[in-house]
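Student: I have a model open and want to go through it step by step. Where should we start?

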Amino acid sequence: MTGAMLRFAGVDFAHEGQPVLRGLDLAVPEGGITVISGPSGSGKSTLIALAAGLLTPDAGRVDRRCDSLGVVFQNPALLPWKTAQENVAFALSGRVLVRRDRRDRARAALAAVGLAPGDADKYPRQLSGGMCQRVALARALVVEPDLLLCDEPFSALDGDLRRALWQVLGEIHRRRGLTTLLVTHDPEEVSALARGGLAISCGRLDRDGRLRGG
Ligand SMILES: Nc1ncnc2c1ncn2[C@@H]1O[C@H](COP(=O)(O)OP(=O)(O)OP(=O)(O)O)[C@@H](O)[C@H]1O
């Protein structure tokens with residue numbers, strides 16, 4: 001897999017016998033942002049689930065070369081009984097860290113996505129949708145992933161918030177050169193990320209489950 005951190009080779013996938021992805025070839029280059037757009041139902045979430053190893057292809061291969069994986073889903077899925085900081089720290093549960101270290105890393109990740117320090121102790125019900133999505137992004141980043149997978153993370157937000165979060169994602173990418181695969185139904189998302197000066201590779205998933213220009 002020279003140069004690619006994630007590679008799909010001839011991947012077919014069907015949900016309950018219904019073909020979703022057909023002969024999908026995709027190489028996600030190390031240090032780049034790859035954005036795949038496509039209409040609703042074209043298989044974008046399925047592609048992310050395959051990339052994350054949550055699904056297995058029916059044919060072909062998905063090869064992933066990373067030490068640590070971060071995933072941001074369409075729905076932030078925060079634990080309602082934990083504060084923003086505790087939700088982020090939860091992602092570090094498997095690590096041998098003292099409590100203060102865990103807390104400091106969670107706070108730093110929340111600051112990196114632009115959540116105000118005063119909001120770190122709030123519960124999800126006290127936060128707006130945009131704030132919750134920032135927490136979800138911080139939760140994915142706190143493990144210091146070398147590969148970030150994003151499934152329409154900002155699609156439920158209004159225009160200004162979406163743009164603010166694209167900027168956050170762009171800045172994080174610029175700072176860390178984090179290899180990122182993002183799927184979206186929003187063509188504006190592709191051009192907004194590209195306008196930020198990021199080296200973006202694009203592809204489009206069609207309704208027939210085939211990828212063009214990946
Ligand atoms: N768990 C499942 N069981 C059966 N069919 C599924 C399942 N998940 C998705 N599908 C079907 O697979 C197809 C692709 O779904 P997927 O969620 O990957 O598309 P998508 O491009 O992410 O859509 P959206 O933009 O609306 O989120 C759809 O026809 C969907 O109904």
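This is a predicted model: local features need pLDDT of at least 70, side-chain atom pairs count only at pLDDT 80 or more; totals for chains, interfaces and linings use all residues.

Student: By class, how many residues of the shell around the ligand are polar?
Tutor: Sort the shell by class. One residue is nonpolar and two are charged. Among the residues around the ligand are Gly38, Ser40, Gly41, Ser42 and Gly43, and glycine counts as polar here. The polar count is nine.

Student: Why is strand β3 largely enclosed by the rest of the structure?
Tutor: Strand β3 covers residues 33-37. A residue is buried if 20 or more other C-beta atoms lie within 10 Å of its own. The strand is largely enclosed because the buried residues number four of the five.

Student: Which residue in β7 stands opposite threonine 34?
Tutor: Strand β7 spans residues 179-184. Five bridges join β3 to β7, and the two run parallel. Opposite threonine 34 stands leucine 181.

Student: And which residue in β8 stands opposite isoleucine 36?
Tutor: Strand β8 spans residues 200-205. It is joined to β3 by five bridges, again in parallel. Opposite isoleucine 36 stands glycine 203.

Student: What is the mean pLDDT of the chain?
Tutor: Per residue, 97% reach 70 or more. Where pLDDT is low, coordinates should not be read in detail. The chain mean is 88.

Terms used
Residues are numbered from 1 along each chain as its sequence is written. A residue is near a molecule or strand if its C-beta atom, placed from the backbone, lies within 6 Å of it. pLDDT is the predictor's confidence in each residue, from 0 to 100. A residue is buried if 20 or more other C-beta atoms lie within 10 Å of its own, exposed if 12 or fewer, and partly exposed in between; C-beta atoms are placed from the backbone. Two strands pair if DSSP finds at least two bridges between them.
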